[in-house]
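Please view the sequence and the structure below alongside the text.

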Amino acid sequence: MLGDRLDAGTVVVHLLGGPFVSIDARRIDVPEGSKRLLAFVALNDGQVSRRHAAGTLWPDVVDLRAAGNLRSSLWRLNRTCAELIEADKATLTLRDGVLVDADLVSAWADRLEAGTATAADLAVHPSGTAALDLLPGWYDDWVLGERDRLRQRLLHALEVMSGRLAADRPGEAVSAALVAVAAEPLRESAQRALIEAHIAHGNWGEAAHQFAAYRRLLADELGVEPHPALTGLLRPVLGGRRSA
């Protein structure tokens, strides 16, 4: 899921569903012992001190051993992936021109939220919930906060995108909202986007069915009712009744 058109020869570090690297859309697997180093540098704006990287990635060994582990990891990475990281005595830096997918999708979300999305931006959305997960299965402290932050941004961007598409391309609006709902079924803003997309498509039955399913889920999981504003969307088919 990349919200930008990429030029020929572009190198991308993929952290969503990764890590792996692509060159001209051709996937290159990262050596197992180098994945955490690549991800750590990429998540730190592409530049980090060697000492900080070594201390964070190998916290349970002495500094000398951690520094040696870093050198070995860096050598394996650059040998396999065309010298992605440049290193001097103090700093590790992603090579100029190397892109990070998390940065690209953050920029995509920015444009949607700012109302400056292009036609190409509105044609891009995840094909499934896996595309929303930063480094799935990783539980390092330096990953967890960034994963949650990016996931929330992307979910909101999908909701905004669904609203932008609803008037002219309601089918695509439904698809975008479905990804957000599948990722976070209890998220009312995602459910609202999906119900509104169904209504824009003229599918009142689907909208009512989705509302009823969400209402049951809320009752089972949290013991609460949907917000009255959400119920109000279905008033034409609920006939003013207090229950679906």
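## Strand 1 and its partners

Strand 1 pairs with strand 2 (residues 20–23) in the antiparallel sense over 4 bridges, where pairing requires that DSSP finds at least two bridges between two strands, and where helices (H or I, at least four residues) and strands (E, at least two) are DSSP runs numbered from the N terminus. Within this pair V12 stands opposite S22, and the two strands form a hairpin with 5 residues between them, G17 in the turn having a positive phi of about 75°.

Strand 1 also pairs with strand 7 (residues 98–100), here in the parallel sense and over 3 bridges, with V98 as the bridge partner of V11. Both faces of strand 1 (residues 11–14) are covered, since V11 and V13 on one side and V12 and H14 on the other are all buried (under 20% relative accessible area, with a 1.4 Å probe and protein chains only).

## Basis of the model

The model is predicted, so local features need pLDDT of at least 70 and side-chain atom pairs count only at pLDDT 80 or more, whereas totals for chains, interfaces and linings use all residues. Residues are numbered from 1 along each chain as its sequence is written, and side-chain values use heavy atoms, leaving out hydrogens and water.

An open sheet of 3 strands has the order 4-6-5 with antiparallel pairing; its edge strands, strand 4 (47–49) and strand 5 (85–87), each pair on one side only. Strand 4 and strand 6 (residues 91–94) are joined over 3 bridges in the antiparallel sense, and S49 stands opposite T91 in strand 6.

Conventions. Buried means under 20% relative accessible area, exposed over 50%, partly exposed in between (1.4 Å probe, protein chains only).
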